Amino acid sequence: MEEKSQNEEGQQFQIDINPVVAGGVYSNLQIISHSSSEFVLDFATLLPGLSKATVASRVLIAPEHAKRLIRTLQENVVRYEQEFGKINLPEANIDDPRTIAPFGKGPKS
């Protein structure tokens, strides 16, 4: 499968994508960590009743690309909300305002 995209200068380039990869993976939990030279993005799935999440995909990117990713995600969220309406987030948990657990209070220890 081949897709077309544009780089920051507006030039078009082609991307080949394996059909298995094109199917994607489901993730309802993301874990992001970093070092001085890279960001590690783990995309995981946490199922109801299980105490352990399974990482489905790990992506390592340079800090500059992490910043570009933030910018691109923000632009896409704005376009999404213009087309489909506001994305509502539940009230922040006072104990951890950065995230929510996908199934209530999170994994049981």
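**Close-up views of a predicted model**

**View 1. The β3-β4 hairpin.** Strand β3, residues 29-34, runs antiparallel to strand β4, residues 39-45, and the two are joined by 6 bridges. The model shown here and in the other views is predicted. Between the two strands of this hairpin lie 4 residues. Strands of a sheet pair through backbone hydrogen bonds, and the pairing can be parallel or antiparallel.

**View 2. The pairing of β4 with β5.** β4 also pairs with β5, in the antiparallel sense and over 7 bridges. Within this pairing, Thr45 is found opposite Thr54 of β5.

**View 3. The open sheet.** Which strands make up the sheet, and in what order? The sheet is open and consists of 3 strands in the order β3-β4-β5, with antiparallel pairing. β3 and β5 (54-61) are its edge strands, since each of them pairs on one side only. From one strand to the next, the twist averages 20°. In a regular strand, side chains alternate between the two faces of the sheet.

**View 4. Helix α2 on the sheet.** α2 packs on the sheet and touches β4 and β5. The directions of α2 and β5 make an angle of about 110°. The helix spans residues 63-84.

**View 5. A nonpolar patch on the surface.** Five side chains are the subject of this view: Val77, Tyr80, Phe84, Ile87 and Leu89 form a nonpolar patch on the surface. Together these residues have about 510 Å² of accessible area. Ile87 belongs to the segment after α2.

**View 6. The whole protein, for orientation.** The secondary structure amounts to 2 helices and 5 strands. Along the sequence these elements follow the pattern β-β-α-β-β-β-α. How much of the protein is buried? Of the 109 residues, 8% are buried. The accessible surface is about 9500 Å², and carbon and sulfur atoms account for 54% of that surface. Among contacts with a separation of 6 or more, 22% are between residues 24 or more positions apart.

How values were computed
Residues are numbered from 1 along each chain as its sequence is written. This is a predicted model: local features need pLDDT of at least 70, side-chain atom pairs count only at pLDDT 80 or more; totals for chains, interfaces and linings use all residues. Side-chain values use heavy atoms; hydrogens and water are left out. Patches are made of residues with over 30% relative accessible area and no salt bridge: like charges are joined within 9 Å, nonpolar side chains (Val, Leu, Ile, Met, Phe, Trp, Tyr) within 5 Å. Accessible areas come from the Shrake-Rupley method with a 1.4 Å probe; for residues, only the protein chains shown count as cover. A salt bridge is a side-chain nitrogen of Lys or Arg within 4 Å of a carboxyl oxygen of Asp or Glu. Two strands pair if DSSP finds at least two bridges between them. Axes are lines fitted to C-alpha atoms, for helices over the stretch in contact, and angles run from 0 to 180 degrees between N-to-C directions. Contact means heavy atoms within 4.5 Å. Buried means under 20% relative accessible area, exposed over 50%, partly exposed in between (1.4 Å probe, protein chains only).
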